[in-house]
Amino acid sequence: MKAVVIRTFGHPDGLEVVDVPVPDPAPRQVRIAVEAIGVGGVDAVIRRGTLAGYGFRPGHLLGSEVAGRVTEVGEGVDAAWTGRRVWAFTGLSGGYAEYAVASAAEVLPLPRALTGADAVTLGGSGVVAHFALERARLAPGEAVLIRGAAGSIGITAVQLAVRRGAGAVAVTTSSAERGARLEKLGATHVLSRSGEGGPDTPAGFDVVIDVVGGPQLPAFLDRLNSNGRYVAVGVVGGQPPADFGTRLMDAFRRSLSFSTFSSDTVPGPDRRAVRSNQFTDAASGDLRTVVHAVLPLDQAASAHHAMDAGEVFGRVVLVP
């Protein structure tokens, strides 16, 4: 089967299309004939080599979420899964391929009205957005800033913050055109990437959800109101300065808090319940997904070029 691996870390051109054997499902796994593959920010971070310390090596097969149809089940898996359309989390590898395997515990049936592209746009990111807002304890009437809102996590977080009754939903993004699209999804204030906004922009925020990280993170910590909560859910802009915590200590009397969040720490049943509800909402149109582009699998490098250039609004989806 065709698959995309990292031949050399760094530039998107280090991705290579190769032929590899079709994987067999191990016990408690299923094999899926893939119809859609989500291209996520974590894929780009791995490909750049940012996470080299976690043991990624040349030849790594990228991809963490797919949608498709179950073709075979491993030992210990109910045979009734065979033939069902599903969304699946494959871990941190194995998704950029014509066939993928996943733990049966990380597989969810798809509503008939939900496309595979929409499923992989929402599946991973929607859970992150939901539980990040939970961790931040966003309350009705509070002001929230979503930093890096043009990606699939940010787009979902905007909509969920509106649902929670946020008093203001500010976003950072790279252009007025993107800002206008985010306003249609519920954003009330549009800021530049550096955090500059109009005269009506809130002076401070009760909650910041940050997908970006990077060297400017300390400046956004300074935007928190007293008792403000900052939740970092990604580092697509790179690691923050090593001493960023000094900003928290300098503001000691304002009782600020900072946390990281990974959906890996959420119990599986809780993730499944939220994801299932979100798929139902997306199928009915109550929750919007934004697919930036659908590209053939062998154009994975083009998808990563677009992400690195900051051109993607929503999510790029690959199809075998």
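Guide: Helices H2 and H7 cross in a right-handed manner; a crossing is right-handed if the near helix is turned clockwise from the far one by less than a right angle, and left-handed if anticlockwise. The model is a predicted one, in which local features need pLDDT of at least 70 and side-chain atom pairs count only at pLDDT 80 or more, while totals for chains, interfaces and linings use all residues. Residues are numbered from 1 along each chain as its sequence is written, and side-chain values use heavy atoms, with hydrogens and water left out. Helices (H or I, at least four residues) and strands (E, at least two) are DSSP runs, numbered from the N terminus.

H2 covers residues 116-136 and H7 residues 268-284; they pack at an angle of about 125 degrees, and their axes are 9 Å apart. That angle makes H2 oblique to H7. Axes are lines fitted to C-alpha atoms, for helices over the stretch in contact, and angles run from 0 to 180 degrees between N-to-C directions. Under 35 degrees counts as roughly parallel, over 145 as roughly antiparallel, 65 to 115 as roughly perpendicular, and the rest as oblique.

The H2 side of the contact (heavy atoms within 4.5 Å) includes Leu122, Val127, His130 and Phe131, and among their counterparts in H7 are Asp270, Arg271, Val274 and Phe279. By class, seven nonpolar, five polar and three charged residues make up this contact of H2 with H7. Here Ala, Val, Leu, Ile, Met, Phe, Trp, Tyr, Cys and Pro are nonpolar, Asp, Glu, Lys and Arg charged, and the others, Gly among them, polar.

Turning to the strands, six of them form an open sheet with parallel pairing, in the order E11-E10-E9-E12-E13-E14. Its edge strands, E11 (189-191) and E14 (257-260), each pair on one side only, and the twist averages 15 degrees from one strand to the next. Two strands pair if DSSP finds at least two bridges between them. Within this sheet, E9 (residues 143-147) and E10 (residues 168-172) run parallel and are joined by five bridges, and Ala143 stands opposite Ala168 in E10.

Thr173 is in the loop between E10 and helix H4 (176-184). With a relative accessible area of 7%, Thr173 is buried; buried means under 20%, exposed over 50%, and partly exposed in between (1.4 Å probe, protein chains only). Residues up to four places away in sequence aside, Thr173 touches residues including Ala150, Arg178, Leu182 and Val190.

A further open sheet has three strands in the order E2-E1-E4, with antiparallel pairing. Its edge strands are E2 (15-19) and E4, each pairing on one side only. Five bridges link E1 (residues 2-6) to E2 in the antiparallel sense, with Lys2 opposite Asp19 in E2. Leu62 lies in the loop between E4 (60-61) and E5 (65-73). Leu62 counts as buried because its relative accessibility is 0%. Beyond its neighbours within four places in sequence, Leu62 is in contact with residues including Val4, Ile6, Leu15 and His304.

Finally, strand E16 (residues 315-319) is mostly covered, as four of its five residues are buried. E3 (residues 29-39) pairs with E16 in the antiparallel sense over three bridges, and Leu318 in E16 is the bridge partner of Ile37. E15 (residues 291-296) runs parallel to E16 and is joined to it by five bridges, with Val291 opposite Arg315.
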